[in-house]
Amino acid sequence: MAREKTYSGSYYPRTRQLREGNETDIKDSGERLFSFQPSTYIKSASDPRIAPGHPYTTDVHLSGASPNMINFRATQVEIERLKEEGQYGDMSAAKWNRMNMLTRSAALNDSAIHQITIVQFVQQLIGRINSLNVINKAFMRIPSDNLRGKIPEGGAPGVTVQVSRLQEPTITHTDFGQTEYRIKRNDMHLYISREDRMEATLDPLSFSAMQGNQLLMQVRDLMALQALSFSPENTETTFPTGTNSIASSGNMSVFPRAQADSSQIFQEIVNNHWLKYRNVLRYIIMNPLDYRYHETNYYSRNKTAANPVSGWGIRPFLGLETWGTTAILTPWAPRNRAYFVGDQGAYELDGPKVVDSEYDAEKFADYFPVRDFVGYLLVNPKRFTTKATLNIEGLTTGPEITTNDQIQRLVELPDDLVDKNDDA
């Protein structure tokens, strides 16, 4: 027997309507499910509700359902009727097609899910490679049709303050920089036996292509970190070292980690960078485990309660939310490091993505090379970026990603990742 669909609704006494959802305002609620109308009782001495001490009341009863509810129930009844006919063996071909169409939606009848839906479920469940794709959020994307180009960098004209009347102005000029780039490509190759494709119920090619694209996105994240590794080290403001450093938990006090005000240090870096370069560092990129140290800092919590553990992702930077500073957390980021990126000057050069199809007759295999033209560029690293060592107590600073070989090794999967079974 199919399970009934469950609705959550809200009753609005003024309109005498039951609507879908849990909203206090009828304007924000969902569609109408049922309507009601008053049911007036006949006043008589035998009715206890008009007896002394019992005020007279007016009840309501169901007056009509919405067309969607009526159609939904009618479809359920039709499915059950067609099932009964199928059990007795007197269902025509037209009725089989009708039941097949009605049971394709898992929402109507989740006890009879169509085969196509099951295939989609399987493709979503088996061995998927996940991709974070958070680092390149800090980079301004430039669609590049050509593989070579230049990005201009604007300067600032001179300003003369409090000029006397009739005095000749000081003529200055504006500098423009031109940073040249050339995009290279990332290659991905899918090599699949055609015989396996012909025999398989689920074509492995589309699933392999999806996995390959996820790996390419991981490569993009690592390429962005590789570009950030060339940011200059911040030397004007440093996190404290030794006991009670940036996020030390060694000091046993009622205010844990209070002596190392990490929010203040982060704010000083952002503030000093703006004073020097007139550029706001909008993004702070760091490892989620390091962010956890900052998150549990007494001052970062705004002196209220401990914050929950944060994984990877994008969120307002704790302690600098009002500045619009964003925290980008990725497990690719080296430990004990934080990268600061401005809202300009960091570019994702996104070129064409070419997918070819070839056939290897000797191996009876399909061959699909994918060429992804993408690059990451810091126009002027000292002006638009910086990086800092957090000096977390008892933690060794992790190596930065500086070469393409490091990226290839990091995206490599273990040899025993896939569980294969041979014909027995």
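Biologist: What should I know before I start?

Modeller: The model is predicted, so local features need pLDDT of at least 70 and side-chain atom pairs count only at pLDDT 80 or more, while totals for chains, interfaces and linings use all residues. Residues are numbered from 1 along each chain as its sequence is written, and side-chain values use heavy atoms, with hydrogens and water left out.

Biologist: How do I read a pocket, and how much space lies in the largest pocket?

Modeller: Rolling a probe the size of a water molecule over the atoms shows where empty space is left. On a 1 Å grid over the protein atoms alone, a pocket is an open set of points where a 1.4 Å probe fits, with protein on both sides within 12 Å along at least five of seven lines; lining residues have an atom within 4 Å of a point. A volume is the space filled by probe spheres set on the points, joined across faces, edges and corners. Here the largest pocket holds about 2,000 Å³. It has 50 lining residues, and Met 188, His 189, Leu 190, Gly 212 and Leu 215 are the closest to its centre.

Biologist: Which element gives the largest share of that lining?

Modeller: Helices (H or I, at least four residues) and strands (E, at least two) are DSSP runs, numbered from the N terminus. α5 gives the largest share, eleven residues.

Biologist: What about the second largest pocket?

Modeller: Its volume is about 180 Å³. Among its 13 lining residues, Asn 234, Glu 236, His 273, Tyr 277 and Thr 386 are the closest to the centre. Two or more lining residues come from each of α6 (262–277) and β16 (385–389), with α6 giving the largest share, five.
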